[in-house]
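Reader: Could you take me through a few packing details here, beginning with the strands?

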Amino acid sequence: MLSRVAENLYWLGRYMERAENTGRIVNVNGNLLLDLPKGIAPGWQPLIEITGSEEIYRKAYNDFEERNVVRFLVGDSQNPSSIIASLSMARENARTIRDIIPRESWELINELYLFARDNVQAGLSKRGRYDYLKRIMRASQTFVGLSGGAMSADPGYEFLCIGRILERADMTTRIIDVRSASLIPKETSGLLPFENIQWISVLKSLTAYQMYRQHVQARVRRAEALRFLLLDDDFPRSVYRCVVLVDESLDELPKREAPKGAVARLKKMVKSGNIAKMAESNSALHEFIDELQIEFGQIHNEIVRTYFHMEEPAQTATQSQSQSAATA
Amino acid sequence: MTIRWRDYKVGGLYDEVMKGAGRPRDHARLLTRYLASLDEDELFSIQAAAELSIKEMGITFTVYTQAEGSIDRAWPLDVIPRVMAADEWRRIESGLKQRVHALNRFINDIYHDQKIIKDGKFPREVLAKSVNFRKECVGVDPPLGVWAHICGSDLVRDNDGTVYVLEDNLRVPSGVSYMLENRQVVKRVFPELFENGGILPVDDYPSQLFDCLAALSPRRSGVPEVVVLTPGIYNSAYFEHSYLAQQMGCELVEGGDLQVSDDNFVYMRTIEGLSRVDVVYRRIDDLFLDPETFRKDSTLGVPGLMRAWKAGNVALANAPGAGVADDKVVYAYVPDIIRYYLDEDPILPNVPTHLCIEEKSRAYVLKNLAKMVVKPANESGGYGMLVGPVSTKKERDAMARRIKKDPRNFIAQPVITLSTVPSIVGKHVEPRHVDLRPFILSSDQMHVTTGGLTRVAMRKGSLVVNSSQGGGSKDTWIVEGGGA
C-alpha cells in the first residue's frame, strides 16, 4: 500500500471523527447551559479551550458569546478544526482515494460536506442547530459502519481505524481536562446537584451516559466518571479502550515495533493513573492528561515516521505531501 | 416512436449503418432489424437505462471550471452502436500496425543517426522547429527500441468511403477506458444482439496493456512492478488513469509517491518501505515529468526520473520525446516514413495535407481558407483550429496572420465530411458525424484494439467530436460474417 494512500486514510478517519466530536460538544454544551444557574454557568469559552484553538479564535472574535463560538466551531472555514473545515478536509482526503474506499463511503462524505456547507446558516441558528449537528454526527457514524461493513480488513482499513481512534482518545482527554478545570472548582456540598449535572454533561458529550448508567450504576460522581472515561475496558471512547484498539490495529501492519512501543508506554501510563488523587485535585488531573496527550503525539509521530514519511535512503530532495497532513 | 429506416435520411453522406433509406449495410442488418422491432418507448428507455448505468458505474470525465472547481460529468454515450465489417477492420488493423511500427523506427532514428534526414527524405528544418523534439533523449536506447508504446490514431471516413488517418497521438492518448466501459454498458442494454450478432469482444485490452508494459521491464526475473503515474484528481483523464490501474492491478501513483535514488533506481513509498518500480506508464506530459531535466516548477513529476530512464533502470511508456512524431507537420511525411523504413506502400492513406511551410502550398491555403481545415502543429483536443466552411471572415483573417507569422506551425487539409451513424436526438434517430480512435500497443508484440472509441458530434452538422467540446460517444462493433 502506498504511503500516501495510507496517510489519506488515516486523516480521513481523523477528520470524520473530529467533525462528529465537535458536533457533540457544541450540542451538549447548549443543553448544559439550559440546566445551570447563570452564576455558575461556564458559558462557551471552554469549548474553545477544548479544541485548543484560543489563539486563532481571539484573532477573529472579541468575546465568547454563544453566537461567535458556535460559528467558529461549526461554520468558520478559517478554523481548521471547525466542522466545515474537518468535513472539507475529510472530503479532500477521500477524493484522492476514491478507488480505495467503498463508493458509498465517498458518496456519503461528499453529500455530507455539501449538506454542511449549504445549510450552515441553519446550523448556526439556535433552532436549527440540533438537527444540523445530529445529521452530521449520524453521518459520521454511518461512515464508520459503512467502512466496517464494506472494506476488507487490510492495512488501509487499519489506518482508517487508527486515525479515528487516536482522534477519539484525544478528544476524550480534552473534554475531561477542560470540563473538570473550568466548571466548578470543588465538590462543594452546596453545589452538589450541579456537580452532577456537569459530569453528566461530560459523559453525554462522549455519548457515555447511558453506558455509564448500565455498567457503573453508581450515581454520577467525579471519581467514577473519571475511572469510566479513562480506564474502562469496554466503553469505546474510554482512553484505555482506544489504546487497546490502536494496538490491535497495529498488529495487522508491517514494521510495527516503534509504534507499538509507543502504544505500550501509553497503555502502562493510563493504567497507572491515580484516580483517587485526580478526583481530589484538578492539577493532578491536568498533569496526567498533559502526559497522556504527549503520548498520543508520540504515537502519531511514530506512525508518521514509520509509514508515511520514511527517512529517505537516497539524498534526492523530494516534496512531501502536506495537504493531507494538516492538523488542528 | 418506432424507427422507420425508410425515413432515415442519409443525405449525400456516407452512413456507417445505412446505404440509403431503408437499405442497411450487410453487416448492420441484424442491428437495424432489431432496432426497428422496438416499439414506441423501448429505444428511449434503453437509452435512459444506459445513462443510468453510466451514472451508477461512475463513468465520468472531469471538467475544470473556474466557478465550480473540478466537476465530474457523466460520460456521454449514444446506445446505437457504430458497426464495421470484420474484413474491413482487419485491413485497417494491419494498416495501423504498419504505421506505428514505422513511426517507432522514425523516432528511434531521429534520436540516433537521423538517417532519414541524411538521405534527404525528411527536412531538417521541420525537426529543428519541432516543439516535441527532446534533445535530452538523443542517444538513449529505450527497451526494444520502441518509443511510442501506446498510440491512439484518429480515423475518419470520407464521403466516398475511404478511411483516412487524421492524426496519430503518441504522447499520452486517452479514451481507451471509455471504449471498454461503453461496451460494458451496451452489452447490458442489448444482450440479445451480443448472443448471436458475431460482435468481436474488446475487453482484453487491460491485460494486453499490462503485458505490453511488463515486457519493457529492465528486471528479467520476477513479476515486474508496473505503476500508472497520474497528474492527480484534477486531470480530465483521471478516471481513465485510475480505471486502467485498477484493471491492470497496478498502483496508481502521483509524482510525490516516487523517488529516484542516487544510483538511479526508481522507488515508490509504501507502508512497508521503499519498493522498486520497473515500468512507469506515465500519463504526465514530457515537460512535467522530471523537474531536474524539464520544467523546474513541475510538482507533478519525479526529480531524477530521466536519469533513471537513461540508465536503463526504469522503462517509461511512452518514452519521453516520442511526441516528436505526433506533430501535424511530421504527419504529412508519414507515408514517406513508411516507405523509407519498411519499404512498403502505406495501407492506410493520410488526409491530403498542405504544409504551410512550403511557399506554394501556403499561397494555396491562404487563398482557399474558407474551404479548408487549418490546424496548429502541436495542439490536441481540437483547440486552435479553423474550420473554413463554418468560419467568419474575421476568424479567417486572424488565421491568415498567424500562418504568415509562423508557417511551420500550420497545416491545412480539405474538409473531410465525416461519415455518419444513426444517433438518438431528442425523440428521433438522425445521422450524426463520427470518427474512430483505435489504440495500438507496441513492445515485444503489437496489438490493436478491436475497433476503438467512436466519438460522435451530437450537434447537427457539426464535425467536432471532442468530449471536451460537447461530443458524445458510441460503442464500436466489429462484426464477423453476415453479422449484426
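Author: In β12(B), B:Ser275 is the bridge partner of B:Met268. This is a predicted model, where local features need pLDDT of at least 70, side-chain atom pairs count only at pLDDT 80 or more, and totals for chains, interfaces and linings use all residues. Residues are numbered from 1 along each chain as its sequence is written, while chains are lettered from A and ligands numbered from 1 in the order in which they are written.

Reader: How many bridges join β11 of chain B to β12 of chain B?

Author: Four bridges join strand β11 (residues 266–270) of chain B to strand β12 (residues 273–276) of chain B, and the two run antiparallel; strands pair if DSSP finds at least two bridges between them. A hairpin through two residues connects β11(B) to β12(B).

Reader: Switching to helices, at what angle do α13 and α14 of chain A pack?

Author: Helix α13 (residues 239–250) of chain A and helix α14 (residues 257–272) of chain A pack at about 160°, with their axes 10 Å apart. That makes α13(A) roughly antiparallel to α14(A), a label for angles over 145 degrees. Axes are lines fitted to C-alpha atoms, for helices over the stretch in contact, and angles run from 0 to 180 degrees between N-to-C directions.

Reader: And which residues of α13(A) meet α14(A)?

Author: Among them are A:Val239, A:Tyr240 and A:Leu250 in α13(A), which meets residues including A:Pro259 and A:Val270 in α14(A); contact requires C-beta atoms, placed from the backbone, to lie within 7 Å.

Technical notes: Parallel < 35°, antiparallel > 145°, perpendicular 65-115°, else oblique. Contact = placed C-beta atoms within 7 Å.
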